[in-house]
Amino acid sequence: MDSRRDFMKCLAWAGSGIAWSVVGGVPKALPFGLGGPALAAEGSFTFVQISDSHIGFKADANPDPNSTLQAALDKATALKPAMMVHTGDVTHLSKPEQFDTADQIIKGAKLDVHFVPGEHDVIGDDGKMYFDRFGGKGAAPGGWYSFDQNGVHFVALMNVIGFGPATGGTLGKDQLEWLEKDLKGKSASTPIVVMAHIPLWSIYPQWGWTTADGDQALSYLKPFGSVTVLNGHIHQVVQKVEGKVTFQTAMSTAFPQPAAGAAPNPGPMKVEADKLKTVLGIREIAFAPAAAPKLTDETLA
Amino acid sequence: MAGLVPAIHMDPRDKPGGDENWSDQMYLKMTRRALPLAAAAMLALSLPAYAAETDAPQQVAAAQAPTVTIDNFAFAPALTMIAPGTKVTWTNKDEEPHTVTSADGGKTFKSEALDTGDSFSFTFDKPGTYKYFCSIHPHMVATIVVK
């Protein structure tokens with residue numbers, strides 16, 4: 001199970017239902033579904049990540065993102081999670097009716113949801129409409145915030161509001177200062193989960209799949225024994241483990257994008273209609289006492 | 001003056017034209033008052049082409065208001081040189097939405113989200129170099145030079 005060959009196989013494509021057990025910084029692939037029994041243990045909890053729902057998208061790659069978002073939520077609620085996070089691009093074009101539709105569909109799941117914005121959510125108004133509906137409780141003026149859940153410290157970062165032309169996302173000086181303060185004084189044994197829309201590490205700068213000052217943020221996370229960075233933006237699962245930090249991007253609930261450099265541009269990728277649900281999905285993250293979190297990507301198929 | 005600009009796109013209008021049809025507007029201007037020499041010389045060349053539009057599309061294109069196409073996650077052309085008072089129009093041909101946002105964070109000009117086929121126009125009155133980008137894909141950058 002833990003052979004290098006199996007690991008590489010899963011690393012190559014993690015889009016079809018693979019559980020990641022991250023122990024001591026080394027990920028091990030587990031058959032899908034093994035996460036279940038551990039969840040019952042006392043003090044453990046599960047949450048779900050969904051991402052890139054792009055409500056308002058209507059091109060060929062998925063003419064009905066409302067129903068695929070609904071399918072993702074149905075999967076999510078079946079897991080009975082303690083809460084859910086949405087890692088951005090809730091809407092496609094930041095239109096009021098798109099925010100309204102997304103809000104209604106997501107509220108229907110009756111889950112406690114924590115959001116971070118994607119660049120598609122802040123077009124034209126620096127995110128005003130987005131923050132009115134989905135802004136975090138007690139968020140800083142820039143929209144970033146943190147909260148605690150079952151002893152895990154969650155940090156919701158904002159790297160999509162433009163400061164000007166850039167290679168990818170930007171956090172900015174104010175947010176970095178806030179992050180340093182927010183983490184100061186926390187015990188190194190506190191598990192940390194960081195959410196941000198654009199990958200905080202460099203996946204493919206040619207397509208903007210990076211955060212210009214992400215390294216600075218990561219330097220503040222170094223002292224911690226368990227750090228899980230959950231990103232969206234690239235509509236596919238890409239994972240990296242660096243020391244005690246696990247980075248993992250998520251599938252979209254709307255449409256897939258090509259692998260880095262595999263197409264002329266990162267635009268929506270059309271797949272056969274009956275294959276669409278095999279490249280969309282959600283992620284379950286399971287915490288248990290004194291263990292690293294277990295990340296399970298599950299497609300909508 | 002306009003004749004001195006090494007323009008990729010050139011528009012000889014001395015005032016912003018709003019949404020009026022450019023050729024109609026120029027025709028009215030020509031009949032009412034004298035135009036600057038360089039502009040008149042250019043019109044002399046371009047008006048016959050306009051009359052026979054289908055026969056000489058390239059000459060017509062040279063005298064039309066400048067357009068920038070957004071295609072394959074890039075602005076084309078990446079550099080547009082114009083005279084003051086020229087209106088530039090961007091059109092998105094990608095399936096992905098884009099924006100046109102001045103590099104000062106959109107203070108000078110910014111479009112809303114341009115979905116496939118949508119356009120945005122802005123008239124540049126003051127000389128200067130205007131860098132701009134797509135706020136959704138901030139690695140997409142291009143420049144307008146007004147002089």
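1. Let's begin with the elements of chain B. In this predicted model, chain B holds 3 helices and 8 strands.

2. Four strands of chain B make up an open sheet, in the order E3-E8-E7-E5, and their pairing is mixed. Strands E3 (79–82) and E5 (101–102) of chain B lie at the edges; each has a single partner strand, so one side of each has no neighbour in the sheet.

3. Strand E7 of chain B (residues 128–133) and strand E8 of chain B (residues 141–146) run antiparallel and are joined by 6 bridges. A handy landmark here is Tyr130(B), which has Ile144(B) of E8(B) opposite.

4. Now for the chain as a whole. Chain B has 147 residues, and 33% of them count as buried. Taking the contacts in chain B between residues at least 6 apart in sequence, 56% link residues that are at least 24 apart.

5. Finally, chain B has a partner. The contact between the chains draws on 20 residues from chain A and 21 residues from chain B. On the chain B side, the residues touching chain A divide into 8 nonpolar, 7 polar and 6 charged.

Technical notes. Residues numbered from 1 in each chain as written. Chains lettered and ligands numbered in written order. Predicted model: local features only at pLDDT ≥ 70, side-chain atom pairs only at ≥ 80, totals over all residues. Pairing = 2+ DSSP bridges. Helix = DSSP H or I, 4+ residues; strand = E, 2+ residues; numbered from the N terminus. Buried ≥ 20, exposed ≤ 12 C-beta atoms within 10 Å, placed from the backbone. Contact = placed C-beta atoms within 7 Å. Nonpolar A, V, L, I, M, F, W, Y, C, P; charged D, E, K, R; others polar.
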